[in-house]
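Here is a short tour of one protein model. Keep the structure in view as you read.

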Amino acid sequence: MLLDFFFRLSWFVLLNLNQEYTFFHYSSERAERTERLGLFTCKRSVACRGFVFDLFGERKTQTQFLLVKDNMPQTPPFKGQLNTGGYNNNLYETKEEVYPGLYYHDNNLVSGSLEALIHHLVPTVDYYPDRTYIFTFLLSSRLFIHPYELMSKVCHLCVEQQRLSDPQADKLRLRKITPKILQLLTEWTETFPYDFRDERMMRSLKELTHRLASGDEVYKKAVGQMSQGLIRRLTVLSQYEEALVKINTTAAERLTALKAKPQAATQRDLLSICNDPFTVAQQLTHIELERLSYIGPEEFVQAFVHKDPLDNDKNCFSDRKKASNLEAYVDWFNRLSYLVATEICLPVKKKHRARVIEFFIDVARECFNIGNFNSLMAIISGMNMSPVSRLKKTWSKVKTAKFDILEHQMDPSSNFYNYRTALRGATQRSITANSSREKIVIPFFSLLIKDLYFLNEGCASRLQNGLINFEKFWELAKQVSEFMTWKQVECPFEKDRKILQYLLTAPVFTEDALYLASYESEGPENNMEKDRWKSLRSTLLSRV
């Protein structure tokens, strides 16, 4: 299950052959004109060869691991209730006698038992956990325990330790601890709101906040604000999911209409809607940033969750999918790649196909300049599909100098050294940005997923003594935290509904349809291609 999901995220594989950027051979067919389309769905190839990134070529010191904590997401405290500075300095973190199951190196937490780590999450009168710890533990704990179970344990500790159920409890003590517990819950609901789609989470949250806010108007107001914010975020998520369903439905309807009347496809293409590469790159960036914004940080971990070796009877999150927004984003990448290949393979005339290729090269260059590396890679992958790359007569008419530069920037050799250098540059530009446009950083998502996958698989989550390896989770949180910064950027470009609608819903060829279109444009070059061409014509044209 884990590997199946991982390879779905990486539906194409990059091979570094003779310093050229080459993709595995898709089984895609070019539907000769639209009459030759057959079935048009975006079908992923199952034949994938992977490569391992050298994430662990350099062994990080424990100090380097803990430098991670400087740039984690922060949530403002309730105004007038919390003194942020005091809580963020971790003044009580190293008191190991309070948490005997935690272990430190140079005052940095490196391992601990699950129970001790949970205790470390819960505030006391004189302690509030460092926010980097909150983010890291809430992110990684789902590898060992369901969020609703963690919430239940946190609520139990809060009630028992602070005697919240005791009507005779010290009122002064409650006034000191209540804002801290509310702050922790606010951190949780703001950073990981999707956890609260589980009714068990909401039930525990309501029970605890009811105890905290009972009889105090200030705390009632704070609880109300937190609850409203959570409901608002979950409502927006539901609306986004509904919008995706509508988009997919529209695309399916257009596909059905096209198969019923294939000649209609020759009437529209992307160039007929917009021939300005910069505008198209801007609209691609709109789609990328919108879809990025709905990916919860926990989805990166939940995508790779598998059985805890110390858990004898359950598999975390086996009840339902917990990475749907991440998958929707991967599906978008796949769609864009196939759309590019479709746009290139569809035209009858060689001159027109060459013009489409040059147009997408310019779009890709604009994406690079914007900092939209994911669309850039999707476009390059579409142009490197076998049905497109075999069009030698078409490519002979293309000025490929700009394309060669882009391929060099995304060259997979040396673990994507060139791309990673460009990404660091874009990240630095974002940090010192004077305009919203300069803040845009959209990473090559499949590579980000692979980095996280190999980090998760390459380091043990538990040490040999059974303790949780928290050093690993500092590093995991560092990488996810960087993504959190990127996804919060608002797109500064004006939307063009017509272009967006086309990019999201235009029918795309299947792999077979792409190959057929390619053979029809430029005939088979050998007996194997001839046999395949005949087979495709027989299979696809019989469906029209």
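A nonpolar core is a set of buried Ala, Val, Leu, Ile, Met, Phe, Trp, Tyr and Cys residues joined through side-chain atoms within 4.5 Å. Keep that in mind for what follows. The model is predicted.

## The core

The largest nonpolar core has 148 residues. Within this core, F300, M383 and F445 touch the most other members. Helix α13, residues 324-345, gives the most to this core, with 13 residues.

In soluble globular proteins, nonpolar side chains tend to be buried together.

## The whole protein

The protein has 544 residues, and 57% of them are buried. It holds 24 helices and 5 strands. Its accessible surface is about 24700 Å². Carbon and sulfur atoms account for 49% of that surface.

Now take the contacts between residues at least 6 apart in sequence. Of these, 80% join residues at least 24 apart.

## A sheet of three strands

Strands β3, β4 and β5 form an open sheet, in the order β3-β4-β5. The pairing is antiparallel. β3 and β5 stand at the edges. Each has a single partner strand, so one side of each is left without a neighbour in the sheet.

Strand β4 covers residues 108-112. Is β4 mostly covered or mostly open? It is mostly covered, as 5 of its 5 residues are buried.

How many bridges join β3, residues 102-105, to β4? There are 4, and the two strands run antiparallel.

Individual partners can be picked out. L102 has G112 in β4 as its bridge partner. G112 in turn has I468 in β5 as its bridge partner. S111 stands opposite N469 in β5. As a general rule, strands of a sheet pair through backbone hydrogen bonds, either parallel or antiparallel.

## Two positive phi angles

Most residues other than glycine have a negative phi, and most peptide bonds are trans. Two residues here stand out against the first part of that rule. D106 has a phi near 50°, a positive value in a residue other than glycine. D106 sits in the loop between β3 and β4. The hairpin of these strands has 2 residues between them. S414 has a positive phi of about 55°, although it is not a glycine. S414 is found in helix α19, residues 413-431.

Are D106 and S414 buried or exposed? D106 counts as exposed, because its relative accessibility of 52% is over the 50% cut-off. S414 is exposed as well, with a relative accessible area of 61%.

## T249 in its helix

T249 lies in helix α9, residues 217-260. The side chain of T249 reaches the backbone oxygen of V245 at 2.7 Å. T249 and T505 are 256 residues apart in sequence. In space, their C-alpha atoms are 8.7 Å apart. T249 is partly exposed, at 38% relative accessible area.

How many disulfides does the structure hold? It holds 0. Take C158 as a case. The closest cysteine sulfur to that of C158 is in C155, 6.5 Å away. A disulfide needs the two sulfur atoms within 2.5 Å, so this pair is too far apart for a bond.

C158 counts as buried, at 0% relative accessibility. C491 counts as partly exposed, at 21%. Buried means under 20%, so C491 does not qualify as buried.

## Exposure at a glance

The table gathers the residues above that have an accessibility value.

| Residue | Relative accessibility | Class |
|---|---|---|
| C158 | 0% | buried |
| C491 | 21% | partly exposed |
| T249 | 38% | partly exposed |
| D106 | 52% | exposed |
| S414 | 61% | exposed |

Definitions and conventions:
Residues are numbered from 1 along each chain as its sequence is written. This is a predicted model: local features need pLDDT of at least 70, side-chain atom pairs count only at pLDDT 80 or more; totals for chains, interfaces and linings use all residues. Side-chain values use heavy atoms; hydrogens and water are left out. Buried means under 20% relative accessible area, exposed over 50%, partly exposed in between (1.4 Å probe, protein chains only). A polar contact is a pair of N or O atoms within 3.5 Å; within protein, one must be able to donate a hydrogen and the other to accept it, and residues adjacent in sequence count only if both atoms are side-chain atoms. Two strands pair if DSSP finds at least two bridges between them. Contact means heavy atoms within 4.5 Å. Accessible areas come from the Shrake-Rupley method with a 1.4 Å probe; for residues, only the protein chains shown count as cover.
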